[in-house]
Amino acid sequence: MGSTAHRHPVRKGLVLLAMGCAGGMVMLDQSVVAVALDPMARDIGMSTVAMHWVVLIYVLALSSFVCVGATVSRRYGLVPTFRVGVAVFSLSSALCGATPAGSGAETFVLAARAAQGAGAALMLLVATTVISEVYEKHRRGRALTTCAGVAQLFFVAGPLRGRC
């Protein structure tokens, strides 16, 4: 991957954009949920404690699965690990959106948020590693900063999206 990417600057830019957008999805999710938490809790009948756990379980799963993601990516490769992370994140996001109201809503949404955090961990870990492998040492800092900047744009967009 590294040698081919070094010879194709357009691909390096696309890699940077893709990894920035992956990080952006993770950031967007965090800020959207923070803004939409009250209406979501009202709609599905969640307790105040469960509302806190919706945010906390995501961050807990994300931080817990970074080490798992490192092991998985070494064993199976960066691209397959990234694909699994995107699939888990996307599927669990859809499940969060489909949380049914009623007695099982809290358990349902917390399980989906935990899975979402695990998928996010795989995505973020791989995104940073891919950028570090694709960019030469003297350009790596700028590439990582650009990737983080793209992700932050998504984070800022979250509150706007969460109010809709």
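**View 1. The crossing of H4 and H5 is left-handed.** Left-handed here says that the near helix is turned anticlockwise from the far one by less than a right angle. H4 covers residues 78-97 and H5 covers residues 105-134, and the two pack at about 150° with axes 7 Å apart. That angle makes H4 roughly antiparallel to H5 (over 145 degrees counts as such). Axes are lines fitted to C-alpha atoms over the stretch in contact, with angles from 0 to 180 degrees between N-to-C directions. This is a predicted model, where local features need pLDDT of at least 70, side-chain atom pairs need 80 or more, and totals for chains, interfaces and linings use all residues. Numbering starts from 1 along each chain as its sequence is written, and side-chain values use heavy atoms, without hydrogens and water.

**View 2. H3 passes H5 in a right-handed crossing.** Here the near helix is turned clockwise instead. The axes of H3 (residues 48-76) and H5 come within 6 Å and cross at roughly 35°. Sorted by class, their contact has 20 nonpolar, 4 polar and 2 charged residues. Nonpolar takes in Ala, Val, Leu, Ile, Met, Phe, Trp, Tyr, Cys and Pro; charged is Asp, Glu, Lys and Arg; the others, Gly among them, are polar.

**View 3. The protein chain has 6 helices and 0 strands.** These are DSSP runs numbered from the N terminus: helices are H or I with at least four residues, strands E with at least two. Of its 164 residues, 37% count as buried, meaning under 20% relative accessible area with a 1.4 Å probe, protein chains only.

Notes
Angles under 35 degrees count as roughly parallel, over 145 as roughly antiparallel, 65 to 115 as roughly perpendicular and the rest as oblique. Buried means under 20% relative accessible area, exposed over 50%, partly exposed in between (1.4 Å probe, protein chains only).
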